[in-house]
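User: Hi! I am new to reading protein structures. Could you walk me through this one?

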Amino acid sequence: GDSRKLAAQFYLREMTVLKVMFTGIVTAATLIFLASSFELLDFNRVWVNPTYLAPGIVGGLIMGVGFIIGGFCPGTSVVAASTLKIDGIFFLLGVGFGVFFFGESVQNFEDFFYSTSMGRFTIPEWLGLPYGVVLLLLVLMALAMFKGAEISEAYFGRGRRLSEIRLLPALNPATLAAAVLLLLALVVALKGQPTIEDRWNWIANEKEPLLKNREVYVDPAEVVELKKDIGVRVEIIDLRSEADFNLFHISESRRIDATTANEADFVRPLLAASDNTVIFLVSNGEETATEVWRRLKAQGVVNLYIVEGGINGWLERYPLPECLARRKVKAVGEELAYEFSYSVGERNPSAHPFIPRIDEMPDCVRNQIENADSPVKATYYEPETEHILPEKKVKLTKKTVAKGGCG
């Protein structure tokens with residue numbers, strides 16, 4: 001609560017704040033990932049503040065300058081104000097005014113405020129290193145900073161010469177505690193973190209019944225209804241081969257390889273998706289989509305469903321003209337159950353029954369129309385998209401958020 005003591009760290013005379021903050025950081029980090037290594041904690045369920053790189057840097061600089069000038073951060077100003085320190089009270093009033101001014105003016109720079117979004121982004125993902133290795137490096141860095149802080153305090157704060165300063169750590173309780181912390185970080189690095197398969201096993205008893213009872217398999221007609229709802233953001237992820245995707249795919253869907261579901265760069269945006277986002281997985285049948293559903297659920301993705309019957313089921317619900325796609329006599333598992341005359345992609349009404357519009361007319365359909373009455377034209381251009389839905393299965397789940405930090 002003393003602004004002189006707090007601001008002194010910027011003059012390298014008093015490093016208490018740095019030591020307290022980094023002690024909290026490395027202790028919490030070590031215990032979190034130690035618990036995760038021994039499968040006592042699922043780190044995917046721990047809230048990590050989303051990263052907005054550019055506004056985060058600007059905000060950090062503003063707060064840092066304010067800290068130097070005022071001698072407080074928001075949290076410490078509350079401590080000072082509660083003990084009736086005049087500078088703490090004025091700083092706290094300034095914080096309140098700043099919050100009000102920001103709220104009234106943010107619309108003028110809102111694009112920048114939400115720019116460079118990286119979602120849940122961590123240092124291990126940035127460096128491409130295992131969490132345990134990064135933790136070990138973090139602890140080593142913190143211990144080196146602690147020793148550097150003690151040297152700085154002795155040299156700048158107490159005016160001692162370098163020859164008078166002890167450079168090696170003394171044998172005392174603090175050194176022993178640091179050694180224990182380093183040992184625990186080493187255990188985390190050697191043991192590693194749970195795999196996706198491990199994480200699925202933790203939740204299998206809870207989630208497997210959803211598959212068995214088909215609670216997450218959604219009729220294509222419900223997908224269409226959700227696509228029409230302007231209050232819901234629908235994302236369709238196609239897990240098929242590029243060849244099958246080019247033959248036919250649902251409009252506005254995106255294709256990935258099934259193995260991509262294990263990659264942090266792919267999962268991160270799904271974890272950061274808004275609460276009104278529904279994610280659908282689709283393959284030719286249901287087998288591949290079900291396996292990817294398990295993997296993504298194990299990584300904490302919410303509002304995740306599977307298109308019932310896959311693309312084969314979709315084409316049964318919204319069929320293509322037989323001159324474009326004829327159903328095979330027999331199709332097994334994840335095999336596409338239709339033989340296509342040529343690739344149609346999403347340029348056909350069956351791919352976008354949620355957006356009624358006239359597409360380019362395939363030659364085979366044009367020939368049918370020229371030699372038939374208007375019902376044939378209506379059948380192709382205005383396919384029947386209204387279906388009596390069974391009980392709706394999609395239930396939006398809000399993410400649980402718990403935040404903390406300085407101020």
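User: How much of the protein chain counts as buried?

Analyst: A residue is called buried at under 20% relative accessible area, exposed at over 50%, and partly exposed in between (1.4 Å probe, protein chains only). Here, 38% of the 407 residues of the protein chain count as buried. Please keep in mind that this is a predicted model, where local features need pLDDT of at least 70 and side-chain atom pairs count only at pLDDT 80 or more, while totals for chains, interfaces and linings use all residues. Residues are numbered from 1 along each chain as its sequence is written, and side-chain values use heavy atoms, leaving out hydrogens and water.

User: What is the average pLDDT of the protein chain?

Analyst: pLDDT is the predictor's confidence in each residue, from 0 to 100. The protein chain averages 87, and 89% of the residues score at least 70. Over residues 376-383, however, pLDDT stays under 50. Where pLDDT is low, the predicted coordinates should not be read in detail.

User: How many helices and strands are there?

Analyst: Both are DSSP runs numbered from the N terminus: helices are H or I with at least four residues, strands are E with at least two. This protein chain has 17 helices and 9 strands.

User: Which strands pair with strand 6?

Analyst: Two strands pair if DSSP finds at least two bridges between them. Strand 4 (residues 233-238) pairs with strand 6 in the parallel sense over 6 bridges, and Ile 237 stands opposite Leu 281. Strand 7 (residues 304-307) also runs parallel to strand 6, joined by 3 bridges; there, Tyr 305 is the bridge partner of Phe 280.

User: How are the rings of Phe 43 and Tyr 131 arranged?

Analyst: Rings of Phe, Tyr and Trp (its six-membered ring) pair if their centres lie within 6.5 Å; planes under 30 degrees apart count as stacked, over 60 as edge-to-face and the rest as tilted. By this rule there are 14 aromatic pairs. Phe 43 and Tyr 131 are edge-to-face, 5.6 Å centre to centre with 65 degrees between the planes. Phe 43 is buried at 9% relative accessibility, whereas Tyr 131 is partly exposed at 22%.

Conventions:
Contact means heavy atoms within 4.5 Å.
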